[in-house]
Amino acid sequence: MNKRHFLGTATLAGLWPAVDALAADPARKGPGLLTLSGAIGKSNRGPVDPALDQLLVKHGVKFDKAYVFDSEALLRLPSVRIKATLEYDAKMHSLAGPLLTSVLEAAGVPTSSEVTIALRAVDGYVVPLSMANARAYRMIVATEIDGTPLALGGLGPQWAIYEADTLAAFKDKPLKERFALCPWGLYSIEVTRG
């Protein structure tokens, strides 16, 4: 047997899992916008960097591995459009983005499992939510409002939100009380089993 051929074949075989993983999970092309950590099945980044992950550190978020979505990765997920009367202007708006359960599944979280998620906004607001409620409310990770991308400094870059006008748990509440479980400026989701 040719030694070079053997070594070349062995090297390529050793690289195959990495090539396979890259094909299944393309590298981020833009800045990370949403970081999932905790009981996740996939990861594409390492631990919190105390020097460079200042917001995560300030909010006490710790992890050894995480799954980070950029805008393109979120846009690749199937999008759902909802309509909701928002508390900020009391007007009906159209919001679109992937289901929260789809985002969790993309990070390797089985949505049939009993997990709790902590939705964290850039201002530090944290909402604990069960997977059962995320499914029941058909909560989305909105990336656009009225056809325009959500902006950082506004309600974005992501907003975890549901169609409060039609959900029995919220539709009869005063407008100011319908969205307590809906953090705008969403940037981190921590997943805990059990």
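Strands S3 and S4 (residues 92-98) run antiparallel and are joined by 7 bridges; strands, like helices, are DSSP runs numbered from the N terminus, with at least two residues (E) for a strand and at least four (H or I) for a helix. Within this pair, Ser-79 stands opposite Pro-98 in S4. The model is a predicted one, in which local features need pLDDT of at least 70 and side-chain atom pairs count only at pLDDT 80 or more, while totals for chains, interfaces and linings use all residues. Residues are numbered from 1 along each chain as its sequence is written, and side-chain values use heavy atoms, with hydrogens and water left out.

The chain contains 5 helices and 11 strands. Of its 194 residues, 43% are buried, a term that means under 20% relative accessible area, with exposed meaning over 50% and partly exposed in between (1.4 Å probe, protein chains only). The accessible surface comes to about 10400 Å², and carbon and sulfur atoms contribute 59% of this area; areas were computed by the Shrake-Rupley method with a 1.4 Å probe, and for residues only the protein chains shown count as cover. Among contacts (heavy atoms within 4.5 Å) with a separation of 6 or more, 64% link residues 24 or more positions apart.

S3 and S4 belong to an open sheet of 4 strands, ordered S3-S4-S8-S9, with antiparallel pairing. Because strand S3 (79-85) and strand S9 (148-149) at the edges have a single partner strand each, one side of each is left without a neighbour in the sheet. Two strands are taken to pair if DSSP finds at least two bridges between them.

A second open sheet has 5 strands in the order S2-S1-S11-S5-S6, and its pairing is mixed. Strand S2 (66-69) and S6 are its edge strands, each pairing on one side only. From one strand to the next, the twist averages 20°, where axes are lines fitted to C-alpha atoms, for helices over the stretch in contact, and angles run from 0 to 180 degrees between N-to-C directions.

Strand S5 (residues 115-121) runs antiparallel to S6, with 5 bridges between them. The bridge partners in S6 are Val-126 for Arg-120 and Val-127 for Leu-119. The two strands form a hairpin with 4 residues between them, and Gly-124 in the turn has a positive phi of about 95°.

Ser-188 lies in strand S11 (residues 186-193). This residue is buried, with a relative accessible area of 1%. Apart from neighbours within four places in sequence, Ser-188 contacts Leu-34, Thr-35, Leu-56, Val-61, Ala-118, Leu-119 and Arg-120.
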